[in-house]
Amino acid sequence: MPFLNWLKRHFVVIAGLLTLGYLLLPNVVVTVFSFNRPKGRFNYEWQQFSTDAWKDPCGVSDLCGSLSVSLQIAFWATLGATALGTLIAFALVRYRFRARGAVNSLIFLPMAMPEVVMAASLLTLFLNMGAQLGFWTILIAHIMFCLSFVVTAVKARVMSMDPRLEQAAQDLYAGPFQTFIRVTLPIAAPGIAAGALLAFALSFDDFIITNFNAGSTVTFPMFVWGSAQRGTPVQINVIGTAMFLVAVLLVLASMVISNRRNRQKA
Amino acid sequence: MATLTEAPPPLTPTAPEKKPPRRRGRFTPYWLLLPGILWLLVFFALPMIYQASTSVQTGSLEEGYKVTWHFVTYWDALSEYWPQFLRSVAYAAAATVLCLVLGYPLAYLIAFRAGRWRNLIMILVIAPFFTSFLIRTLAWKTILADGGPVVGALNTLHVLDVTNWLGWTAGDRVLATPLAVVCGLTYNFLPFMILPLYTSLERIDGRLHEAAGDLYARPITVFRKVTFPLSMPGVVSGTLLTFIPAAGDYVNADLLGSTDTRMIGNVIQSQFLRILDYPTAAALSFILMAAILVMVTVYIRRSGTEDLV
C-alpha cells in the first residue's frame, strides 16, 4: 500500500494543513459573502454576485460610526496599556523589591479570569460608583485587561536582553538616561511593539467586557452582535475582509523590512 | 523504583534565575509600578470586592440593595443553574481536547516541518485574529447551515446518525445543537492552543530527535517519549488558555446554539443585563470563578508544572 505509506510519512503535514484550513475557512466565507447580494435582512445564503457593498462600505447607518468609536478606544487603550505595562515590566525584570510575588500574581490573574467574571465585577463597581457608562468606562476596562498582556510581552523581551550591553554603554561614559534612550529602549522596542499590537487587537475585538460596560455606546463588535439579531448587512463582511487583508499586508511589510535590515547588518 | 517513573531532568541545563542587580534609588521600582498597579487594584481587585459584597446583598432595584449576608443566594443560584454549569464545563473540556488534537499537528508542522513556509503559516494562524471574531463566528452559521454542504456530507457519511444518537445533534441539523457550539468554541480558541504549543516545541533541540532515532526508536516512540513530554509546558498553558475563556464564553452558545445549549456565561449575561438581578448574577460569576480556580489548581498540581503561575 504505497498510498498508506505516503499518508503515514506525511501525516503531520496533512493534519496540520487540515487544521489550517479549519482556521481559515470562516475567513474564506466572509470574503466570498462580501460579494453577495442577499435577499432579506440576513447575509447567510448565497444569492448573487455583486460589488455593491465594496463600493459603499459606509452605506449602512451607524456602521462606520461604530468602527470609528472602536478605533479611538483601541488607540487610547493601546497607548495607556503600553505605557503602564512597559513601566511594570521594567520594574519586574530590573529590580528586586519586596512585593514582587504579589505584583506578579496581580498581573497574572486578569489573564486567568473568565472575561465574563471581570466584565460583571467591573459593572458592579461602576454601578456602585454611579459612573456614567460609555466611552470612558469602556476605555478604563480595556486598559485594565490589555495591561497584563503588554507586561508579559515586554517582560519576555527585556529578560532575554544581555545586561553587558548596558554595562558597555556605561563604560563608554553614557549616563543612565543616555544608556536608556540609546541602548535599552531600542533593544526592548520589538517587545513593546508586540505588546502594543496585541493590546490593539484585543481592545478592537473585545466584545464581552465591552458589552457589559458600554451603556449605549456602540463599538464595532457590538454593532456586529446587534446585527446578528436584526439583520447582517453585507458591509460587515467587507470590513472583515479588509481587516484581514490589512493585517496580512502589515505583517508581510514588517517581515520584508526586518529581512532587509538583517541583510544590511550582515 | 519510584525514581524511574519520574520525568528525566531536562537535558539542557536551565540557567538559574539571574538575580537583578541592585540599583541606585530604592524607591525607583515602586514609582515604575505605581500607575499600572494602581489601575489594576482599582479596576480589577476592587471590583471583585464589590462583587463579593453584591452577592450577599438582598433588596430590589427600586428600593436599593443592602448587605444582609444572605448566603442562600449562592445555594439558590447553584441549585437552579447547575445544568448550565455542567454544560459549560463539558463544552469547554470538549473544545479544549479538540483544540489539542487539532492544534498539535499544526504547531508541530510550523516548528519542525515548515521550512521556508514557516512565516507564511504563522501569518495565516495569526491574521484571522484581526477579522472581528464575531464576524467569523457568524460565518459558521453559513458553513453549518441546514442543507448546506457540510451537513450534507455528514449526512451522507452517516456521521449525523452517530451524533444524533449521542445527543450532540438533532435531526438533520447541526446549527443550534451542542456540536455547533463546541465547533465554534474550538475554532475561536484554537490559536490560543497553537501559539504556546509552537513556542514550547520550537525550543526542543532537534538533536534529541536524532539521538532517539539513533537508538532505534520508531517515530511514534520518539514522539511519545521525547517530543510530547518536552512540550508539556506548552500543552499545559495551551489547555488553560483555551479552557478558561471557553468555560466563560457566551457568544458561541448564543450565536450557534439554542436555548438548550445555554452556558453559564449566557445566564450571567442575562441576569446582569436583562433581568437585573445583581445578587444572583454576582453569586453565579463567583461560583464560576471558584470552580475554575479549583480545577486549574488541581490540573497544574497534577501536571507538575507549578512554575507556570
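Is Arg173(B) buried, exposed or partly exposed, and at what relative accessibility? I looked it up: Arg173(B) counts as partly exposed, at 36% relative accessibility. My cut-offs are under 20% relative accessible area for buried, over 50% for exposed, and partly exposed in between (1.4 Å probe, protein chains only).

**Ground rules.** This is a predicted model, so I kept in mind that local features need pLDDT of at least 70 and side-chain atom pairs count only at pLDDT 80 or more, while totals for chains, interfaces and linings use all residues. Residues are numbered from 1 along each chain as its sequence is written, chains are lettered from A and ligands numbered from 1 in the order in which they are written, and side-chain values use heavy atoms, with hydrogens and water left out.

**Salt bridges.** Arg173(B) pairs with Asp146(B), the closest N and O atoms being 2.9 Å apart. Asp146(B) sits in the loop between helix H5 (133-143) and helix H6 (149-156) of chain B, and Arg173(B) in the loop between helix H7 (159-166) and helix H8 (178-202), so the pair ties together parts 27 residues apart in sequence. Helices here are DSSP runs (H or I, at least four residues), numbered from the N terminus. Asp146(B) is partly exposed too, at 43%.

In chain A I found Glu166(A) with Arg94(A), at 3.2 Å, N to O. Helix H8 (residues 163-171) holds Glu166(A) and helix H4 (residues 63-94) holds Arg94(A), so this bridge joins parts 72 residues apart in sequence. Glu166(A) is buried at 9%, and Arg94(A) is buried at 11%.

**Chain B against chain A.** Next I checked contacts, meaning heavy atoms within 4.5 Å. I got 78 residues of chain B touching 81 residues of chain A. The two chains bury about 7600 Å², 79% of it on carbon and sulfur atoms; buried area is the accessible area (1.4 Å probe) that two parts lose on being put together, summed over both. Trp39(B), Phe44(B) and Phe130(B) supply 9% of what chain B buries there, more than any other three residues.

How many salt bridges are there between chain B and chain A? I found zero. Helix H2 (residues 28-55) of chain B gives the most to the side touching chain A, with 20 residues.

Conventions:
Salt bridge = Lys/Arg side-chain N within 4 Å of Asp/Glu carboxyl O. Helix = DSSP H or I, 4+ residues; strand = E, 2+ residues; numbered from the N terminus.
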